[in-house]
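Here is a quick walk through one structure, from charged pairs to the core. Have the sequence and the 3D view open as you read.

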Amino acid sequence: MLKGTASWALSLEKLLEDPEGVKQFRGFLKKEFSEENVLFWLACEDFKKIQDMKQMQQKAQDIYLTFLSSKASAQVNVEGQSQMNDKMLEKPHPLMFQKQQDQIFNLMKYDSYSRFLKSESFLKSQRMEDREQNSDAAETAPKRASRIYNT
């Protein structure tokens, strides 16, 4: 199974499944002044897992105020954000932000993600992993030989 940068390079989905991948991608987006996109996507993923209605109402309000309202501190650029209203926030459901989350995912997938794979931070991580793998291989061959011939 592929890990690290090899996995991240397969798809944005794989990158977002790996906490280190999210950390690296978030750092990259921060430099591009679009970190709010991945933060919104992650907030929506967390929101979908909430079972308690009170918590869901609070989280829906937080997501709206942080990312979707016209006065949001980390506003994302999606269609339909102005269609949110107080009634929707009072009676939230796990998929209420799905349309906006999909828009942001596609924006990241077809825009930021491809640039991330060419970025210095990604390439640096890739080189470090390659070095670690090569040094591991170099260290294990003599150990293997020693084990075979000293039995």
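## Salt bridges

A salt bridge here is a side-chain nitrogen of Lys or Arg within 4 Å of a carboxyl oxygen of Asp or Glu. Keep in mind that this is a predicted model. Arginine 127 and glutamate 120 meet that rule, with their closest N and O atoms 2.6 Å apart. Arginine 127 has 38% relative accessibility, so it counts as partly exposed. The structure holds six salt bridges.

Two of the others sit within single helices. In one, lysine 48 pairs with glutamate 45, and the closest N and O atoms are 3.0 Å apart. The two are three residues apart in helix H4, so about one helical turn separates them. Both ends are partly exposed: lysine 48 at 25% relative accessibility and glutamate 45 at 24% relative accessible area. In the other, arginine 115 reaches aspartate 111, with 2.6 Å between the closest N and O atoms. These are four residues apart in helix H7, so again the separation is about one helical turn. Arginine 115 is partly exposed at 34%, and aspartate 111 is partly exposed at 31%. That pair also belongs to a network of salt bridges linking Glu32, Asp111 and Arg115.

## The overall layout

Zoom out and you have a chain with eight helices and zero strands. Buried residues make up 35% of its 151 residues. Take the contacts with a separation of 6 or more: 61% of them are between residues 24 or more positions apart. The accessible surface comes to about 9,900 Å², and carbon and sulfur atoms account for 53% of that.

## The nonpolar core

The largest nonpolar core has 33 residues, and Phe25, Leu68 and Phe97 are the ones with the most contacts inside it. Helices H2 (12-17), H3 (19-31), H4, H5 and H7 (98-118) each put in at least two residues.

Phenylalanine 97 is a handy place to start looking around. Leaving out residues up to four places away in sequence, phenylalanine 97 touches Cys44, Phe47, Ala60, Ile63, Leu68 and Met84.

## Aromatic pairs

How many aromatic pairs are there? The count comes to seven. One of them is phenylalanine 40 with phenylalanine 67, an edge-to-face pair at 5.5 Å centre to centre with 65 degrees between the planes. Phenylalanine 40 lies in helix H4 (residues 35-48) and phenylalanine 67 in helix H5 (residues 53-68), so the pair ties together parts that are 27 residues apart in sequence.

## Around tyrosine 113

Tyrosine 113 is in helix H7 and is buried, with a relative accessible area of 8%. Setting aside neighbours within four places in sequence, tyrosine 113 is in contact with Trp8, Ala9, Leu10, Ser11, Leu12, Leu15, Phe25 and Met108.

Take serine 11 from that list: in sequence, tyrosine 113 and serine 11 are 102 residues apart, yet their C-alpha atoms are 8.7 Å apart in space. There is a polar side to this spot too, with a polar atom of the tyrosine 113 side chain 2.5 Å from the backbone oxygen of tryptophan 8.

Threonine 5 is in helix H1 (residues 4-8) and is buried at 3% relative accessibility. Beyond residues up to four places away in sequence, threonine 5 touches Phe122, Ser125, Gln126 and Glu129.

Look at the contact from the other end. Serine 125 lies in helix H8 (residues 120-149) and counts as buried at 11% relative accessibility. With residues up to four places away left out, serine 125 touches Thr5 and Gln24.

## A phenylalanine on the outside

Buried or exposed: which is phenylalanine 33? Phenylalanine 33 is exposed, with a relative accessible area of 74%. You'll find phenylalanine 33 in the loop between H3 and H4. Its phi is near 60 degrees, a positive value in a residue other than glycine.

Note on methods. Residues numbered from 1 in each chain as written. Predicted model: local features only at pLDDT ≥ 70, side-chain atom pairs only at ≥ 80, totals over all residues. Heavy atoms only, no water. Phe/Tyr/Trp six-rings, centres within 6.5 Å; stacked < 30°, edge-to-face > 60°. Core = buried A, V, L, I, M, F, W, Y, C linked by side-chain atoms within 4.5 Å. Buried < 20%, exposed > 50% of the residue type's maximum accessible area, 1.4 Å probe, protein only. Contact = heavy atoms within 4.5 Å. Areas by Shrake-Rupley, 256 points an atom, 1.4 Å probe, with all protein chains shown as cover. Polar contact = N/O pair within 3.5 Å; in protein donor to acceptor, adjacent residues only side chain to side chain.
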